[in-house]
Amino acid sequence: MKSTIEEIRSILMEHHDVISKSIPLIASENVTSPAVDEACNSDFSHRYAEGWVGQRVYAGCKYIDQVEEICMELTKKYFRCCFADVRPISGVMANLVLYNAFTSRNHGRMMVMPIPKGGHISHAPYETSTGNKIYGTAGTVRGLDIKYFAFDEENMNLDVDKSAEIIREFKPEMLLFGGSVFLFPHPVKELSEVGREVGAKIGYDGAHVAGLIGSGYFQDPLREGADAMSFSCHKTLPGPQTGTVVSDREDLKEDLKNAAFPSLFSNHHLHNVAGFAVALVEMLEFGKEYHKKVIENAQAFAAALKERGFNVLCEHLGFTKSHQIVVDIANFEKNAGLGGDIERTLEEANIIINRNLLPWDIREGRSYMNPSGIRMGTSEVTRLGMGKSEMNDIAEFFKKLIVDKKPPKKVKEEVAEFKKEFQEIKFCFQSPNKAYEYLKFY
Ligand SMILES: *Cc1c(COP(=O)(O)O)cnc(C)c1O
């Protein structure tokens with residue numbers, strides 16, 4: 001048995017070693033500070049609380065209540081609102097809270113962003129099956145009838161006029177804005193006015209952009225008509241993996257609370273609530289500076305790739321207003337393959353990105369396995385201290401691998417050398433720290 005534990009340990013060590021030599025560009029990822037990690041490794045991870053602060057199901061929650069109260073207060077401050085529920089254990093759970101609060105069970109109607117154009121799997125209307133069993137996604141397990149907003153492919157955003165038509169005809173109980181490919185603010189103001197005409201509640205899935213919103217660099221959905229926002233705490237917000245619901249509607253507080261517990265979960269992850277509270281302190285202090293750089297880096301990276309022959313989407317709109325950029329790599333198909341192939345080539349050199357469906361891929365017969373898009377995000381590289389000149393360096397690595405077809409093994413060595421200087425987490429209080437030594441082995 002001991003050898004299995006040793007094996008697990010050595011796999012973890014190896015993972016950490018590779019990560020320390022890699023360029024992390026997954027748009028949904030970030031890294032936590034040593035202070036966040038300490039909170040997440042606390043004894044809170046062994047405990048049960050259940051329920052709302054002050055109304056717990058279990059004894060022994062005195063300190064847990066204090067921390068969760070602080071976490072809720074910090075969340076309300078960061079998002080400028082009167083209600084925060086930090087209990088949902090992930091972004092999908094937070095979405096389910098909104099579905100639960102704002103729609104009827106079985107054939108409640110919801111409108112979301114189309115999946116192939118950047119919507120999230122937890123918004124999806126489709127089902128899979130084996131034999132006579134049917135499995136839904138987060139929306140369909142609740143039995144919702146889900147329709148898509150109309151999408152403007154040129155501008156990578158919702159088509160306001162066509163979506164308004166669908167809203168008036170379909171009369172949804174809920175609109176859900178936000179998505180996983182999210183370059184530009186959604187027309188929340190315009191379409192929530194239309195939603196109100198048919199009595200819809202307005203949700204906003206800020207999983208990707210929550211940090212940009214909190215720090216004031218993206219649209220502010222609670223001010224533009226959203227009744228509530230759900231989000232993951234670990235994408236542009238550098239917290240542990242958990243989820244949150246916020247609202248500025250005094251009259252919806254009780255609904256939202258009950259839609260979460262005991263409806264959707266029993267205990268929540270108390271250690272991650274503690275870690276999230278620490279991350280919020282960091283972002284209230286350093287978020288303005290950090291998230292400004294995240295967006296500047298995304299724009300600089302896009303421009304640097306464009307200069308090297310990459311077809312970065314939406315040049316006419318300045319490429320992006322978020323932490324993400326999307327590249328159509330179909331022009332390299334003969335040379336380097338499509339999204340799936342390029343994802344593998346980059347990974348061989350320890351550059352970690354993900355392939356992504358582009359809005360026209362399904363129509364043109366390409367699937368999720370090898371679509372024509374790749375998506376990158378700058379949250380993590382920025383947190384490690386990289387700036388515009390490093391965005392040029394990274395774009396140059398892309399060129400070497402995809403345009404010049406240099407052997408990935410060689411580029412991998414250059415990547416490791418480049419990465420040596422970026423081993424500490426910035427925009428946090430503890431200094432010095434080593435970003436990739438957070439998992440301690442005794
Ligand atoms: C990542 C993501 C989620 C899910 O987040 P988890 O925390 O992984 O459950 C939900 N919605 C969108 C739009 C996302 O991109």
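I began with the second largest pocket, which is lined by 19 residues. I115, G119, I121, S180 and Y368 lie nearest its centre. This is a predicted model, so I noted the rules: local features need pLDDT of at least 70, side-chain atom pairs count only at pLDDT 80 or more, and totals for chains, interfaces and linings use all residues. Residues are numbered from 1 along each chain as its sequence is written, and side-chain values use heavy atoms, with hydrogens and water left out.

I looked up how a pocket is set apart from a cavity. On a 1 Å grid over the protein atoms alone, a pocket is an open set of points with protein on both sides within 12 Å along at least five of seven lines. A cavity is a set of points where a 1.4 Å probe fits but cannot get out. Lining residues have an atom within 4 Å of a point. Points are joined across faces, edges and corners, and a volume is the space filled by probe spheres set on them.

The second largest pocket holds about 470 Å³ of space. Its lining has 8 nonpolar, 8 polar and 3 charged residues. For these classes, Ala, Val, Leu, Ile, Met, Phe, Trp, Tyr, Cys and Pro are nonpolar, Asp, Glu, Lys and Arg are charged, and the others, Gly among them, are polar. Strand β16 (residues 354-356) gives the most to this lining, with 3 residues. Strands (E, at least two residues) and helices (H or I, at least four) are DSSP runs, numbered from the N terminus.

I then followed β16 to its partner. 3 bridges join β16 to β17, and the two run antiparallel. R355 has I374 as its bridge partner in β17. Strand β14 (residues 324-328) is also antiparallel to β17, with 5 bridges. Two strands pair if DSSP finds at least two bridges between them.

Is β17 buried or exposed? 5 of the 5 residues of β17 (residues 373-377) are buried, so the strand is largely enclosed by the rest of the structure. Buried means under 20% relative accessible area, exposed over 50%, partly exposed in between, with a 1.4 Å probe and protein chains only. G373, R375 and G377 point one way, I374 and M376 the other.

Next came the cavities. I found 1 cavity of 30 Å³ or more. The largest cavity has about 40 Å³ of space. Among its lining residues are M113, K117, F151 and H186.

I turned to a sheet. 7 strands form an open, mixed sheet in the order β2-β12-β11-β10-β9-β3-β6. The twist averages 20° from one strand to the next. Helix α3 (residues 62-79) packs on the sheet and touches β2, β11 and β12, at about 130° to β2. Contact means heavy atoms within 4.5 Å. Axes are lines fitted to C-alpha atoms, for helices over the stretch in contact, and angles run from 0 to 180 degrees between N-to-C directions.

Last, I checked the backbone. Most residues other than glycine have a negative phi, and most peptide bonds are trans. The bond from F261 to P262 is cis, with omega near 5°. P262 is found in the loop between α10 (253-260) and α11 (270-307). E50 has a positive phi of about 65°. E50 is buried, with a relative accessible area of 11%.
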